[in-house]
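Here are my notes on this model, in numbered points. Please read them with the structure open.

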Amino acid sequence: MGEYTHFDADGRPTLVDVGGKSVTKRTARAEGWLYLPEEIFRTVSQGAVKKGDPFRIAELGGIMGAKRTPELIPLCHNIRLDNVKVCCDLDDEKKAVKITCEASASEVTGVEMEALTGVSAAALTFYDMCKGIDKGMVIKEIRLLSKTGGKSGEWVAEKGYGK
């Protein structure tokens, strides 16, 4: 089947063996946007969502999502996260919620997927909190901003790429 890392010689899926890798401090930062219809923008700006504060609930949902990444993404290693921080901030100019997630771990494999899953789960949680007002929200531009640690070292996204 070729030289695939996630398949064995017989073409069956396999978890990559990370047993020989060194433990290093690893970090990742991701972002995404949730664009809001006018009525939702107005309602969240006034703090009047009937279900409660969608910002804080979405941040909690993002943390919970990051912690469950290996259950959602096939062949993703189960790692012990040191920290996860999710922030949901209203951008008045874009009429959108900017969602960021920072994840860190002292591990043998990276935390990029945890940061991306944290953003995704937060966006979906915010959507769930506001869908009773209007279902026209749009989740866009989820991307990795940066990562550190491991064999590949530091990586930073190009400015404006993907937008």
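1. Terms for exposure. Buried means under 20% relative accessible area, exposed means over 50%, and partly exposed is in between (1.4 Å probe, protein chains only). At 31% relative accessibility, Asp82 therefore counts as partly exposed.

2. Basis. This is a predicted model, in which local features need pLDDT of at least 70 and side-chain atom pairs count only at pLDDT 80 or more, while totals for chains, interfaces and linings use all residues. Residues are numbered from 1 along each chain as its sequence is written, and side-chain values use heavy atoms, with hydrogens and water left out.

3. Overall fold. The protein has 4 helices and 5 strands. Helices (H or I, at least four residues) and strands (E, at least two) are DSSP runs, numbered from the N terminus. Along the sequence the order is β-α-α-α-β-β-α-β-β. The C-alpha atoms fill a box of roughly 55 × 30 × 30 Å, taken along the principal axes. Of the 163 residues, 39% count as buried.

4. Salt bridges. What links Lys25, Arg80 and Asp82? They are linked in a network of salt bridges. A salt bridge here is a side-chain nitrogen of Lys or Arg within 4 Å of a carboxyl oxygen of Asp or Glu. The whole structure has 11 of them. In the pair Arg80 and Asp82, the closest N and O atoms are 2.8 Å apart. Arg80 is exposed, with a relative accessible area of 52%.

5. Two further pairs. Glu102 and Arg29 meet through their side chains in a salt bridge (3.1 Å, N to O). This pair links distant parts of the chain: Glu102 is in strand 3 (residues 96-107) and Arg29 in strand 1, 73 residues apart. Glu102 is partly exposed at 38% relative accessibility. Arg29 is also partly exposed, at 29%. Glu71 and Arg68 form another salt bridge (2.9 Å, N to O). Glu71 counts as exposed at 57% relative accessibility, whereas Arg68 counts as partly exposed at 45%.

6. Largest pocket. Rolling a probe the size of a water molecule over the atoms shows where empty space is left. The search uses a 1 Å grid over the protein atoms alone and a 1.4 Å probe; a pocket is an open set of points with protein on both sides within 12 Å along at least five of seven lines, and lining residues have an atom within 4 Å of a point. The largest pocket has a volume of about 250 Å³. It has 14 lining residues, and the closest to its centre are His6, Leu75, Cys76, His77 and Thr109. Grid points are joined across faces, edges and corners, and a volume is the space filled by probe spheres set on the points. The lining divides into 6 nonpolar, 5 polar and 3 charged residues. Ala, Val, Leu, Ile, Met, Phe, Trp, Tyr, Cys and Pro count as nonpolar, Asp, Glu, Lys and Arg as charged, and the others, Gly among them, as polar.

7. Second largest pocket. Its volume is about 170 Å³. Among the lining residues are Lys21, Arg26, Thr109, Glu112, Lys147 and Lys151. How many nonpolar residues are in this lining? There are no nonpolar residues, against 5 polar and 5 charged.

8. Positive phi. Leu75 has a positive phi of about 65° although it is not a glycine. Leu75 sits in the loop between helix 3 (69-72) and strand 2 (83-91). It is partly exposed, with a relative accessible area of 32%. Lys95 is another non-glycine residue with positive phi, near 55°. Lys95 lies in the loop between strand 2 and strand 3.

9. Phe41, in helix 1 (residues 38-45), is buried, with a relative accessible area of 11%. Pro37 is in the loop between strand 1 (24-35) and helix 1. Pro37 is buried too, at 15% relative accessible area.
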